[in-house]
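Q: I have a model open and want to go through it piece by piece. Can you take some questions?

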Amino acid sequence: PAKANQIKPLRFTMSVNSDLERERAGASLVSEEFARWWAGGGVQLEERRALERHFYEDPAFEEAVHPSCLSYKERYEQTVANATRFLAKLRNWQQEKQPQLSLSVSSLRDFRMLLSGSLGTGLFQQSFPLRVHFSMFMTTLLGQGTEEQQAQWLSRAWHMDGVLGTYAQTELGHGTYVRGLETRADYDPEKEEFVLNTPTQSSYKWWPGGLGNTANVAIVLAQLYVKGKHHGLQSFLVRIRDERNHQPLPGVDVGDIGPRLGGNGVNNGFLGLRDVRIPRNQMLMKNAQVLADGTFVQGRPPLLLYGTMVYVRVITLKDVLFGLLQAATIATRYSIVRRQSRIDEDKPEVSVLDHITQQAKILPQIARGVSYRLVADWLWRFYEQVMAQLESNATRHSLPELHALSCCLKAVSTDEASQGVDLLRKSCGGHGFLSSANFDSIYGLTSAAYTYEGEFTVLLLQTARFLVRQYVDGMKRKVLPPSVSYLRDASRLSWGKDLTANCVRALEISAMEQVRQAWQSQSIHKADKRTGMSDQMASNLAGRQLSAASVAHAHAFLTRNALEELASQRKAGNIPRKVSEVLGQLVEMFVLDTFLRQAGCVLRWNNITGTQWGFVERRFEQLLAALRPNALALVDGFDFHDRVLGSTLGCHDGRVYERLMEEARRNPLNQEPVNSSFHNHLLPMMRGKL
């Protein structure tokens with residue numbers, strides 16, 4: 001009887017919102033053309049859509065309640081259940097399409113991008129605990145394991161045949177400063193075994209994805225000692241849970257670290273080791289070896305040990321642009337449906353996106369995401385080129401340049417993407433604050449990337465060391481790597497008719513001057529005879545200038561590279577005419593927006609007049625107006641399925657208010673007219689007449 005008094009949900013037909021229909025009809029950009037370019041071709045687009053339908057139309061992957069209504073434990077258990085169903089179904093699909101899949105870094109990267117891209121995101125909004133297994137764990141096996149070790153472990157890992165892996169580097173007390181890691185591996189030549197220990201509280205491994213309750217094998221980074229002599233960090237394969245019953249093995253203390261700001265399906269964990277023994281052949285020995293008698297043999301450059309981190313930093317750029325464009329799609333669609341205020345008093349309220357202030361919040365984020373995509377594709381090709389150089393044992397290779405680029409691009413892109421997602425959330429007003437809008441999941445994963453695999457400031461300082469060395473080499477008239485060749489160009493800014501070229505050159509000059517100032521600051525501190533300052537102390541005091549130099553370098557590189565990549569694709573004839581026109585507007589907007597946001601640095605190092613600055617601002621506003629009619633067609637072209645966005649505000653049909661109410665009614669608190677807390681707590685309180 002009580003339930004009979006509840007208001008029943010409204011029945012509504014999920015037709016497309018009329019404002020979205022009108023926008024799509026009026027766009028000059030054909031979304032399907034853009035989607036084909038974005039996917040890498042029509043065949044790739046149809047394959048991805050078919051794969052998504054294969055999963056999204058399966059009722060086994062429907063969620064009865066919104067994940068935010070589940071407890072932390074319930075969410076983990078649901079995620080693991082869905083993950084096992086997902087992987088089984090995916091393997092069947094792959095065996096039909098690619099029965100002879102060859103495992104390589106590229107194929108693992110494609111699989112990892114599938115997990116972190118549209119399909120994986122649509123099914124696992126908070127990510128899932130086997131993602132690290134298929135990325136860092138298997139990539140490290142490929143990059144650091146011998147052929148014998150790969151034969152023993154790689155196939156089993158790919159088929160999850162008793163091997164569920166994670167990558168355990170970060171510790172409770174040390175993260176980005178990997179040389180400070182405290183976990184030890186002591187070699188016992190009599191038994192030909194390594195003995196692993198986490199000797200202090202701060203040496204516990206902390207953060208690895210899947211470590212808490214999922215993984216049973218970990219690649220553990222530890223300081224190697226042989227007969228008391230230190231041989232640096234090495235990687236070890238350590239079984240941490242019994243393959244049959246999943247119980248932690250003797251000497252292993254393992255568990256989950258608890259809820260985070262985002263990514264709560266990852267099962268991040270802690271790991272302590274006490275006198276855990278592993279056979280000698282479980283040290284990954286492609287780049288360094290310990291022989292049976294304890295002789296240490298250093299093979300290829302020790303820096304290759306950090307190859308997994310470089311790999312993750314390279315692909316992180318694509319991860320964060322994905323999250324940024326998810327948020328931009330939600331904000332764009334909602335800003336068209338939502339009406340707010342009148343621009344003309346004689347006409348009705350307009351879509352929020354018709355206000356130039358809203359356009360200035362949203363459209364530059366779309367431009368940033370598209371430009372990041374162009375740079376990310378180039379960066380992956382550069383990574384493959386460098387890995388090929390190293391595999392061929394080339395005497396000259398570009399690893400230092402790749403390392404420097406991956407550090408600063410990872411730092412700056414994650415910073416700007418997380419800021420962008422939050423700005424887009426704010427652009428949706430109060431409704432953007434609801435969990436059902438899904439900005440919390442997107443922001444959580446994007447902002448996590450700001451810190452994992454290299455903390456923001458530490459990465460900037462690593463790039464800065466490279467920049468200063470190259471600046472000094474430039475003064476000695478040495479040939480510089482392509483990404484820093486501008487450091488030898490001492491010419492001043494000559495303002496011409498091409499505003500984009502002016503802005504890029506101004507950013508390069510700013511970067512060069514920031515590097516010069518950082519070098520001078522270091523030199524002044526080191527030259528002070530009274531203090532007897534070491535190089536490290538001088539670098540610490542010059543830290544602000546060094547980090548600023550890296551940020552400036554990243555902006556200069558991103559803008560120049562995005563323009564060059566677009567020009568290269570146009571020259572190859574890979575882009576339809578209208579798509580090319582819109583891409584040109586987006587990349588130009590990205591350059592101008594970057595220039596305007598770096599006003600302090602740009603105006604400090606360049607002689608730019610107020611009139612010239614005004615030209616840039618006016619062109620920026622012209623681009624807002626030019627892109628506004630195609631804003632919806634653009635985000636439709638990213639081809640995000642509604643499951644991928646996971647948002648009541650961003651669905652393709654634009655039925656925002658109906659979906660908000662429908663989601664509210666699904667809330668477990670609304671499944672009964674009177675909650676038990678009334679009888680247990682509120683009624684006794686009222687009877688007590690406080």
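Q: Start with His 231. Is His 231 buried or exposed?
A: This is a predicted model, and in it His 231 has a relative accessible area of 17%, so it counts as buried.

Q: Which element is His 231 in?
A: His 231 belongs to strand 6, which covers residues 229-239.

Q: And what does His 231 touch, leaving out residues up to four places away in sequence?
A: Its contacts are Leu 224, Val 226 and Phe 296.

Q: Step back to the whole chain. How many helices and strands are there?
A: The protein chain has 23 helices and 11 strands. Its radius of gyration is 27 Å, close to the 26 Å from the globule rule for 690 residues, so the chain is as compact as a globular protein of that length.

Q: What are the spans along the principal axes?
A: The C-alpha trace spans about 85 × 75 × 65 Å.

Q: What share of the residues is buried?
A: Buried residues account for 55% of the 690 in the protein chain.

Q: Among contacts between residues at least 6 apart, what percentage join residues at least 24 apart?
A: In the protein chain, 74% of those contacts do.

Q: Back to single residues. Where is Leu 90, and is it buried or exposed?
A: Leu 90 lies in helix 4, residues 72-97. Its relative accessibility is 1%, so Leu 90 counts as buried.

Q: What packs against Leu 90?
A: Not counting residues up to four places away in sequence, Leu 90 touches Leu 51, Phe 55, Phe 111 and Leu 114.

Q: How far is the C-alpha of Leu 90 from that of His 54?
A: The two C-alpha atoms are 9.2 Å apart, with the residues 36 apart along the chain.

Q: New topic, cysteines. How many disulfides are there?
A: A search of the whole structure finds 0.

Q: Is Cys 407 buried or exposed?
A: Cys 407 is buried, with a relative accessible area of 0%.

Q: Salt bridges next. How many does the structure hold?
A: There are 48. One of them joins the side chains of Glu 52 and Arg 48, at 2.9 Å from N to O.

Q: How are Glu 52 and Arg 48 placed relative to each other?
A: They sit 4 residues apart in helix 3 (residues 42-56), so about one helical turn separates them. Glu 52 is buried at 4% relative accessible area, whereas Arg 48 is partly exposed at 23%.

Q: What about a pair that links distant parts of the chain?
A: Lys 205 and Glu 171 meet in a salt bridge of 3.1 Å, N to O. Lys 205 is in strand 4 (residues 205-206), and Glu 171 is 34 residues away in the loop between strand 1 (165-168) and strand 2 (184-188). Both Lys 205 and Glu 171 are buried.

Q: And how far apart are Glu 581 and Lys 578?
A: Glu 581 and Lys 578 are 3 residues apart in helix 17 (residues 577-597), about one helical turn. Their side chains form a salt bridge at 2.9 Å, N to O. Glu 581 is partly exposed at 33% relative accessibility, and Lys 578 is buried at 15%.

Q: Last one. Which residues form a nonpolar patch on the surface?
A: Leu 682, Met 685, Met 686 and Leu 690 do, with about 470 Å² of accessible area together. Leu 682 is in helix 23, residues 676-687, and is partly exposed at 41% relative accessibility.

How values were computed:
Residues are numbered from 1 along each chain as its sequence is written. This is a predicted model: local features need pLDDT of at least 70, side-chain atom pairs count only at pLDDT 80 or more; totals for chains, interfaces and linings use all residues. Side-chain values use heavy atoms; hydrogens and water are left out. Patches are made of residues with over 30% relative accessible area and no salt bridge: like charges are joined within 9 Å, nonpolar side chains (Val, Leu, Ile, Met, Phe, Trp, Tyr) within 5 Å. Accessible areas come from the Shrake-Rupley method with a 1.4 Å probe; for residues, only the protein chains shown count as cover. A salt bridge is a side-chain nitrogen of Lys or Arg within 4 Å of a carboxyl oxygen of Asp or Glu. Helices (H or I, at least four residues) and strands (E, at least two) are DSSP runs, numbered from the N terminus. Buried means under 20% relative accessible area, exposed over 50%, partly exposed in between (1.4 Å probe, protein chains only). Contact means heavy atoms within 4.5 Å. The radius of gyration is taken over C-alpha atoms; the globule rule is 2.2 Å times the number of residues to the power 0.38. A disulfide is a pair of cysteine sulfur atoms within 2.5 Å.
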